[in-house]
Amino acid sequence: MAKLTKKQKEAASKIEKNKLYTLRDAAALIKVVASAKFDESVDIAVRLGVDPRKANQMVRGVVTLPHGTGKDVRVLALVTPDKEAEAKAAGADHVGLDDYLQKIKDGWTDIDVIITMPAVMGKLGPLGRVLGPRGLMPNPKTGTVTMDVAKAVQEVKAGKIDFKVDKTGIVHAGIGKVSFDADKIYDNAHEIIQTLIKLKPTAAKGTYIKGIHLTSTMSPAIALDPKAV
């Protein structure tokens, strides 16, 4: 097991062992334990009582964080020429079609989100092996395949994120930066937790929210009391 650095030990000492914090307290504590010289990202991990191998227990959705992610999301709009001006005006960082499809085929993936139109999805199919593993493949369920390209771009830029339970039953999401006020971290975390609760599959039995942890890039995780969120 790797040895903890002096800063890591100091951060860990500020978190009480075996204590489950309220979301409000954890949002304040995450700012105290963060010690890196850069603006660390704040992440949430929610362990769900579901079996992701079963289609009727898959949890996937989108949420618009009230205060955004604190990250400049790079958006590629793959659209037909008649939609290009609309996408650019909405704030897309890259706009085009065939030239960008070729760039992706050649290995370029320097983007965070791809937004496209139903008519273009056929051209994206062959790039599934490149886009899929990186979580970049557009999907109608997350609002990234739509005719209202401008709205989709604006929502992503404003803090809309998509999430999906992994094979171990955990949902991971970035919800802000440690430079955020504690109230903003709380609001963003609360929003995604409430969204997950609304998405509880009817087939899921027993305890649904099994555990929640809040962490920053370089700091130890803070365990939350699922009943106090």
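Which strand pairs with strand 2, and in which sense? In this predicted model, in which local features need pLDDT of at least 70, side-chain atom pairs count only at pLDDT 80 or more, and totals for chains, interfaces and linings use all residues, strand 2 pairs with strand 6 (residues 160-164) in the antiparallel sense over five bridges. Residues are numbered from 1 along each chain as its sequence is written, and side-chain values use heavy atoms, with hydrogens and water left out. Helices (H or I, at least four residues) and strands (E, at least two) are DSSP runs numbered from the N terminus, and two strands are taken to pair if DSSP finds at least two bridges between them. Within this pairing, Thr64 has Lys160 of strand 6 as its bridge partner.

In a regular strand the side chains alternate between the two faces of the sheet.

Side chains of opposite charge can pair when their charged atoms come close. The structure holds 11 salt bridges, each defined as a side-chain nitrogen of Lys or Arg within 4 Å of a carboxyl oxygen of Asp or Glu. One of them links Lys157 to Asp72, with the closest N and O atoms 3.7 Å apart. Because Lys157 lies in helix 7 (residues 149-158) and Asp72 in the loop between strand 2 (60-64) and strand 3 (75-78), this pair ties together parts that are 85 residues apart in sequence. Lys157 is partly exposed, at a relative accessible area of 29%, while Asp72 is exposed, at 58%.

Lys157 also meets the side chain of Asp93 in a salt bridge, at 2.7 Å from N to O. Asp93 lies in the loop between helix 3 and strand 4 (94-96) and Lys157 in helix 7, so parts 64 residues apart in sequence are tied together by this pair. Asp93 counts as partly exposed, with 36% relative accessibility.

Lys83 is buried, with a relative accessible area of 14%, whereas Glu86 is partly exposed, with 26%.

Notes: Buried means under 20% relative accessible area, exposed over 50%, partly exposed in between (1.4 Å probe, protein chains only).
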